[in-house]
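Thanks for passing this one along. Have a look at the sequence and the fold first, then read my notes alongside.

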Amino acid sequence: MFPTDISYLMKGKKITNEAISSEILLLVAKKYIHVEKINDDYMFTKNIDINSIESKKEKDLMDFLFDKKSAITLSEFKKATSKAPSKYAKKIERIIKDAERDAKKLKFYKYDKKSEVMPIPVILLFMIFMASVGIFVYPIIEIVLLVLVIVSICHRNKNGDLFKNVALLLMFNALLVIIFTFIIAVFHANFYSFGLYSSLVALLMLIILSVFVDKHEVLTDDGYNEMGKVKAFKNFLKDFSIMNERDLPDVKLWEKYLAYAVVLGCAEKLEKTMKVKYDEMGLYSENFDVFVGTSFHTTISRSIVSSSNTARNYS
């Protein structure tokens with residue numbers, strides 16, 4: 001799995017900024033990007049032609065970082081996202097769509113048919129009530145809403161997307177009933193009881209419907225299995241400090257582990273542990289000062305997350 005897949009699984013189908021940061025660090029680990037420390041800054045240089053990359057998500061990640069340049073410093077990247085937040089917001093949206101599309105293929109979630117048992121009869125009851133009130137108060141709007149609800153019910157699919165639309169449409173309908181009947185109760189004394197009771201009933205319906213909007217999907221068996229593997233992998237990374245030298249994984253994998261540690265929320269501690277282990281083992285690497293000897297991963301991650309937040313907040 002990729003970091004964005006882990007985020008999709010562990011964060012309820014959400015792609016976090018940490019996941020995007022983790023993906024970029026993974027590109028560094030895969031040698032698609034060369035990183036060099038220059039004083040207090042980092043220089044990113046392309047090591048691969050973007051057009052030769054098969055994954056659309058990875059292409060968009062490279063474009064997000066380099067923006068048609070062959071090299072860029074971390075400080076330049078941060079300034080670019082601040083100066084053109086709209087531009088980078090669109091880039092973030094593309095990456096998220098790519099990640100969500102790829103994660104959906106893994107089928108971590110499924111439509112829970114059990115959630116239909118109560119809603120369908122209740123929805124029919126709600127439709128009758130709101131139709132009787134809505135036709136009296138705002139006939140044209142009510143007719144349109146009822147048609148949309150009926151169409152959605154007839155065409156709901158196995159993923160539950162249209163079922164969710166039914167609940168949302170009825171919630172909107174209930175909200176209209178609350179607003180209009182409350183106005184009637186306040187400004188028309190003859191209809192005070194009608195308006196008050198109708199608005200209270202609609203409010204109750206709104207609350208009930210809101211319970212079902214996000215309850216139509218559950219983890220699949222694959223989802224549960226993969227979640228168990230992710231949790232075990234996170235525990236493995238946390239136990240890095242207590243491992244004997246002979247039990248440690250190949251040093252070549254450490255950089256990749258650090259990239260995944262970002263999305264799992266344990267990168268800073270792991271990076272410090274790896275540095276200690278690296279020194280204890282008497283290892284040397286030309287890139288040691290960049291990848292392990294400094295707070296490279298946490299520094300890069302925080303900067304990318306900050307830039308992603310800037311772009312996302314703009315959108």
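Predicted model: local features only at pLDDT ≥ 70, side-chain atom pairs only at ≥ 80, totals over all residues.

1. Every value below is computed from it.

2. Start with the sheet. It is open, has 3 strands in the order β1-β2-β3, and its pairing is antiparallel. β1 (33–38) and β3 (71–73) are the edge strands; each has a single partner, so one side of each has no neighbour in the sheet. From one strand to the next the twist averages 20°. As for β1 and β2 (residues 41–46), 6 bridges hold this antiparallel pair together, and I38 sits opposite D41 in β2.

3. Next, helix α4 (residues 74–83), which lies across β2 and β3 and runs at about 85° to β3. Which residues of α4 are buried? They are L74, F77 and T81. Looking down the axis of α4, the buried residues fall within an arc of 60°, so they line one face of the helix. On the face turned away from that buried side you'll find K79 and K83, both exposed.

4. K277 is worth a click. This lysine lies in helix α12 (residues 267–280) and, with 10% relative accessibility, counts as buried because the cut-off is under 20%. Beyond its neighbours within four places in sequence, K277 contacts F240, S241, M243, L248 and W254.

5. Now the charges. Side chains of opposite charge can pair when their charged atoms come close. The count here is 12 salt bridges. One of them joins D63 and R94, at 3.3 Å from N to O. That pair links distant parts of the chain, with D63 in helix α3 (residues 56–66) and R94 in helix α5 (residues 85–104), 31 residues apart. D63 is buried at 19% relative accessibility, while R94 is partly exposed at 34%.

6. D98 is buried, with a relative accessible area of 2%, and R101 is partly exposed at 33%. Both also belong to a network of salt bridges that links K56, D60, D98, R101 and D102.

7. Last, E226 and K229 in helix α10 (residues 221–238) are also 3 residues apart, about one turn of the helix. Their salt bridge has its closest N and O atoms 3.5 Å apart. E226 is partly exposed, at 22% relative accessible area, and K229 is exposed, at 53%.

Technical notes: Residues numbered from 1 in each chain as written. Heavy atoms only, no water. Pairing = 2+ DSSP bridges. Helix = DSSP H or I, 4+ residues; strand = E, 2+ residues; numbered from the N terminus. Axes fitted to C-alpha atoms, helices over the stretch in contact; angles between N-to-C directions. Contact = heavy atoms within 4.5 Å. Buried < 20%, exposed > 50% of the residue type's maximum accessible area, 1.4 Å probe, protein only. Arc of directions from axis to C-beta. Salt bridge = Lys/Arg side-chain N within 4 Å of Asp/Glu carboxyl O.
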